[in-house]
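Me: I would like to go through the side-chain contacts of this protein with you, one question at a time. Could you start with what counts as a contact?

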Amino acid sequence: MLISKEKKTGFVERRKQPRILFETFGYLDKGNSPIPEECYLSNIGQGGAMVLIISQGNIGERVKLIFKVGEKNFELIGTIRMYRPMSDLRRTILKVGKRLEFMATINITFQEPLNKSDFEYIRLNYLQS
């Protein structure tokens, strides 16, 4: 009998493309206000992004994610596929540690995937932003 030495964590990777840690401010346009709300991008891949938001988000809602890397502006249309309110502890950690006052985390699936050259540009330039 063969015994696996791998730890069983219960985690299943469902992403089809790699993601990069990408911490920067941006804007989320839900189309219901003349001014997009400020948001904080946590990570990004060719197919989507994880974003911290100030307000309520609804699964299935179409949004526009707006951010800048280096000299390049990005506006990506997508759909909220996951909405998770933050715990009081998580909100406190973000408020104290990073001076952020966000209330929830959302995952956005992009309508059109980021092309490889834009993804590489972000990967290579976001630390200089």
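Reply: Contact here means heavy atoms within 4.5 Å, and the model to which this is applied is a predicted one.

Me: Which residues does D118 touch, not counting residues up to four places away in sequence?

Reply: D118 lies in helix α2, which spans residues 116–125, and the side chain of D118 is joined to that of K72 by a polar contact of 2.4 Å. When residues up to four places away in sequence are not counted, the residues that D118 touches are K72 and F74.

Me: Is D118 buried or exposed?

Reply: A residue counts as buried when its relative accessible area is under 20%. The value for D118 is 15%, so D118 is buried.

Me: Against which strands do the buried residues of α2 pack?

Reply: The buried residues of this helix are D118, F119 and I122. Because they cover an arc of only 100° around the axis, they lie on the same side of α2. The strands against which they pack are β1 (19–29), β2 (37–45), β4 (62–69) and β5 (72–85).

Me: Over the ring of which residue does the charged end of K72 sit?

Reply: K72, whose side chain also makes the polar contact with D118, has its charged end 5.4 Å from the centre of a ring. That ring belongs to Y121.

Me: Which residues do ring pairs link into a cluster?

Reply: The count of aromatic pairs comes to four. In one of them, the rings of F22 and F67 have centres 5.5 Å apart and planes at 65°, so this pair is edge-to-face. The cluster linked by ring pairs consists of F22, F67 and F74.

How values were computed. Residues numbered from 1 in each chain as written. Predicted model: local features only at pLDDT ≥ 70, side-chain atom pairs only at ≥ 80, totals over all residues. Heavy atoms only, no water. Helix = DSSP H or I, 4+ residues; strand = E, 2+ residues; numbered from the N terminus. Buried < 20%, exposed > 50% of the residue type's maximum accessible area, 1.4 Å probe, protein only. Polar contact = N/O pair within 3.5 Å; in protein donor to acceptor, adjacent residues only side chain to side chain. Arc of directions from axis to C-beta. Phe/Tyr/Trp six-rings, centres within 6.5 Å; stacked < 30°, edge-to-face > 60°. Lys NZ or Arg CZ within 6 Å of the ring centre and 35° of its normal.
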